[in-house]
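Hi there,

Here is the structure I promised to send over.

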Amino acid sequence: MVAAATVVSVVLAALLAFSAVRKLGHRPEVVATYTRVGVPEDRLDRLALILLAGAAGLVAGLAWAPLGVAAAAGVVAYFVLAVAAHLRADDAAHLPTPALILALGVAALLLRLATL
């Protein structure tokens, strides 16, 4: 269980960091995707910081499981809202990415809980 929790947490943390870097870059195609679902460009930096905090919490949670549980729960909440935003905006083309990250977040949460 610990090995699986470690692998899922590290992969998820890497995806979160990658997503944060994309948001921080404010590239036109990234901005357009978020604008389409109702997120103004000036909020991208804050969203990136939330993702980086989640990534850091997942990695630090490998040493202290309760922190990993809290970080995974936060990631799940963030991506439930992201999926909802894409559904509300009828943006099915961009739905697979947040849905996949949500699934990894749920897996990380369940695996972390199992290691307590």
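Predicted model: local features only at pLDDT ≥ 70, side-chain atom pairs only at ≥ 80, totals over all residues.

The largest pocket holds about 710 Å³ of space. Its lining is made up of 28 residues, and K23, Y34, Y78, A82 and H86 are the ones that lie nearest the centre. Helices α1, α2, α4 and α5 are the elements that each give two or more residues to this lining, with α4 giving the most, at seven residues. By residue type, the lining of the largest pocket divides into 17 nonpolar, six polar and five charged.

S19 counts as buried because its relative accessibility is 14%, under the 20% cut-off. Leaving aside residues up to four places away in sequence, S19 touches Y34 and L51.

Now for the backbone. Which residues have a positive phi without being glycine? H26 is one, with phi near 50 degrees, and D90 is another, at about 55 degrees. H26 sits in the loop between α1 (2-25) and α2 (28-36), while D90 lies in the loop between α4 (65-88) and α5 (96-114). H26 is partly exposed, with a relative accessible area of 24%, whereas D90 counts as exposed at 70% relative accessibility.

Happy to go through any of this with you.

Best wishes

Terms used: Residues numbered from 1 in each chain as written. Heavy atoms only, no water. Helix = DSSP H or I, 4+ residues; strand = E, 2+ residues; numbered from the N terminus. Buried < 20%, exposed > 50% of the residue type's maximum accessible area, 1.4 Å probe, protein only. Contact = heavy atoms within 4.5 Å. 1 Å grid on protein atoms, 1.4 Å probe; cavity = no way out; pocket = protein on both sides within 12 Å on 5 of 7 lines; lining within 4 Å. Points joined across faces, edges and corners; volume = space filled by probe spheres on them. Nonpolar A, V, L, I, M, F, W, Y, C, P; charged D, E, K, R; others polar.
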